[in-house]
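Hi everyone, thanks for making time today. Let me put the structure up so that we can walk through it together.

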Amino acid sequence: MTGLLVLCVFSVVFNDISASTEVCTNTLLPGAKGDQGEIGEEGDQGKLGKNGPPGLPGVSGEMGLEGDVGHTGKMGPIGDKGNKGDTGLEGPSGLKGKPGTTCDCGRYRKVVGQLDVNVGKLRKAVKFVKNVILGLKETEESYYLLVKEPKRFREALINCKLRGGTLAMPKTSNTNRLMADYVSQAGLTRVYVGLQAQSKDAVGASGYVYADSSPLQGFAAWSQEEEVNSRVSPTTNSSCVELLSTGTWSHVECEATLFFICEFPKSRRRGGAGGEGN
């Protein structure tokens with residue numbers, strides 16, 4: 001209140017000086033800007049604000065020191081067998097061995113020589129049995145026996161199987177020639193061989209298969225007329241193949257009764273080829 005009174009007094013004096021007729025009022029006019037006050041005491045800590053947005057990733061730090069070796073883990077599963085490695089370098093030569101004792105081999109040489117003679121005679125006897133008595137023919141892989149028993153094709157297949165072999169399959173020109181000469185030397189003109197027309201499959205294709213179910217491919221000995229017929233799909237699966245003494249092949253109905261040739265692989269010892277072929 002005192003401040004208001006002082007302000008009115010200054011206003012009256014100012015109005016008197018300016019010869020003004022205005023009357024003092026209660027209106028407060030802003031004074032001049034004062035000097036800056038002293039810094040007040042630090043206030044209490046405010047409440048925590050909300051979490052701000054995450055900052056950008058920092059620069060990668062330096063790689064730390066290598067840690068200690070961990071515990072040994074369980075054994076893993078055994079891997080697949082690897083490929084065979086290259087042959088290694090030749091090793092050094094071994095030490096020279098001790099000299100052997102002198103052998104008095106004169107009497108042993110005589111025994112060994114006699115054994116060689118006996119083995120040679122035995123081989124000739126076996127060859128005589130195979131080629132003369134049994135009438136077998138042979139190649140490096142197989143023996144061949146001409147069976148002079150007229151059979152239908154399926155019966156011939158079974159007969160050769162019971163003997164321990166298969167119906168002969170002329171898959172190469174050399175084998176075909178040997179079998180043809182075999183037929184000719186026996187005074188025959190034709191025999192069954194292990195080759196037969198195959199019935200059509202789901203696609204409609206057909207062809208010829210050997211007695212071991214392998215397809216006819218590569219070598220073939222059709223005559224010119226039969227070669228044309230062989231290119232045409234067989235009408236039925238009853239068309240079998242016969243080998244002529246001339247070495248050519250011809251079609252024949254499987255119900256016909258013919259002599260036939262059985263084949264026995266040398267890699268397997270069979271007793272069935274020991275029977276006589278007539």
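How many residues does helix α4 have, and how far does it reach from its first C-alpha to its last? Before I answer, please keep in mind that this is a predicted model. Helix α4 covers residues 173-185, which makes 13 residues, and it reaches 18 Å, close to the 18 Å expected at 1.5 Å a residue.

Now, which residues of α4 are buried? They are T175, N176, M179, A180, Y182 and V183. Looking down the axis of α4, you find them within an arc of 155 degrees, so they line one face of the helix. The face turned away from that buried side carries the exposed residues N174 and Q185. As for what covers the buried residues of α4, strands β2, β4 and β8 are among the elements that do.

Let's move on to the core. The largest nonpolar core has 36 residues, and W249, F260 and I261 touch the most other members. Helix α4 is one of the elements that supply at least two residues of this core, and α3 is another.

Finally, the disulfides: the count comes to two. One joins C160 to C262, with 2.0 Å from S to S. That pair links distant parts of the chain, as C160 sits in helix α3 and C262 in strand β8, 102 residues apart. The other joins C240 to C254. Here C240 lies in strand β6 and C254 in the loop between β7 and β8, so the pair ties together parts 14 residues apart in sequence. Both C240 and C254 are buried.

Definitions and conventions: Residues are numbered from 1 along each chain as its sequence is written. This is a predicted model: local features need pLDDT of at least 70, side-chain atom pairs count only at pLDDT 80 or more; totals for chains, interfaces and linings use all residues. Side-chain values use heavy atoms; hydrogens and water are left out. Helices (H or I, at least four residues) and strands (E, at least two) are DSSP runs, numbered from the N terminus. The expected span of a helix is 1.5 Å times one less than its number of residues. Buried means under 20% relative accessible area, exposed over 50%, partly exposed in between (1.4 Å probe, protein chains only). The arc is that of the directions from the helix axis to the C-beta atoms. Contact means heavy atoms within 4.5 Å. A nonpolar core is a set of buried Ala, Val, Leu, Ile, Met, Phe, Trp, Tyr and Cys residues joined through side-chain atoms within 4.5 Å. A disulfide is a pair of cysteine sulfur atoms within 2.5 Å.
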